[in-house]
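Subject: Structure for you to look at

Hello,

Here is the structure I promised to pass on. Please open it and keep it beside you while you read my notes below.

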Amino acid sequence: MALRRPTLLALTLAALPLSDAWAGGRVAAKPAPKGKVTVLLVVDRSGSMSGPRIHEVRRACLSVVGQLRPTDRLGVIAFDTRPARMVTVTPVRRGTLARAGIAKIRAQGGTNFLPALEEAELMLVPPVGLRRGRQHVIFLSDGQSPRKGVVAQVAKLRKQGVTV
C-alpha cells in the first residue's frame with residue numbers, strides 16, 4: 001500500500017504574500033512588502049496529526065521562520081482541545097527560540113479550532129490605539145474539529161485587521 005502525502009487544511013480568507021509555486025516541498029515566497037509584520041503560526045497537534053503529518057507541519061513552520069526578516073515578529077500556538085503558547089510573539093532575530101518551540105510540538109489529544117483562534121486574538125490584538133503593523137495567522141490542521149464558532153472568530157480577527 002502506497003503512503004499518501006499528508007494533506008493539511010488552511011483556513012484562508014487572506015494570506016501572506018506567498019506565490020502558488022510549489023517545488024520540491026517548498027513554497028516560493030514573493031518579496032515581502034516593507035513594514036512591520038507579525039506572523040502567528042497556529043498548529044494542530046492533535047492525535048490525528050501523528051506521524052508524517054506532525055513532521056511536515058514542523059517543517060512548514062520552520063520554512064516560515066526562514067522567510068521572515070529579523071525585524072518581523074513571530075509567535076507559535078500548538079493546540080489540541082486547548083491551545084498552548086509554544087513561542088510568545090517575539091522578533092524573528094531570536095529565531096533559535098522559535099525553532100526550539102516548534103521542535104517541541106508533539107501530536108496528542110483531540111482537536112478544537114475555536115480555543116486556538118481565541119488565543120490567537122489574545123496574542124495579536126493590542127489595546128485600542130496602539131499601532132501594530134500587519135498581522136497574519138497561518139492556521140495548519142488536518143481539518144478534523146467541531147466548526148461551531150470558528151467562522152465567527154475568524155471574522156472577528158479579520159475585522160480587527162488580522163489576516164487568517
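Five strands make an open sheet, in the order 5-4-3-6-7, with mixed pairing. Strand 5 (83–91) and strand 7 (162–163) are at the edges. Each has a single partner strand, so one side of each lacks a neighbour in the sheet. Keep in mind that this is a predicted model.

Now go to strand 3. On one side, strand 3 pairs with strand 6 (residues 134–140). The two are parallel and share seven bridges.

To get from strand 3 to strand 4, the chain passes through helix 1 (residues 52–67). This β-α-β crossover is right-handed.

Strand 4 meets strand 5 in the antiparallel sense, over six bridges. Look for V76 opposite V87 in strand 5.

Is strand 3 enclosed or open? Eight of its eight residues (37–44) are buried, so strand 3 is largely enclosed by the rest of the structure. Buried here means under 20% relative accessible area. In a regular strand, side chains alternate between the two faces of the sheet. V37, V39, L41 and V43 point one way from strand 3. T38, L40, V42 and D44 point the other way, and all of these residues are buried.

Last, find helix 3 (residues 113–124). Helix 3 lies across strands 3, 4, 5, 6 and 7. Its angle to strand 5 is about 25 degrees.

Best wishes

Conventions
Residues numbered from 1 in each chain as written. Predicted model: local features only at pLDDT ≥ 70, side-chain atom pairs only at ≥ 80, totals over all residues. Heavy atoms only, no water. Buried < 20%, exposed > 50% of the residue type's maximum accessible area, 1.4 Å probe, protein only. Helix = DSSP H or I, 4+ residues; strand = E, 2+ residues; numbered from the N terminus. Pairing = 2+ DSSP bridges. Right-handed = clockwise from strand over helix to strand, strands pointing away. Contact = heavy atoms within 4.5 Å. Axes fitted to C-alpha atoms, helices over the stretch in contact; angles between N-to-C directions.
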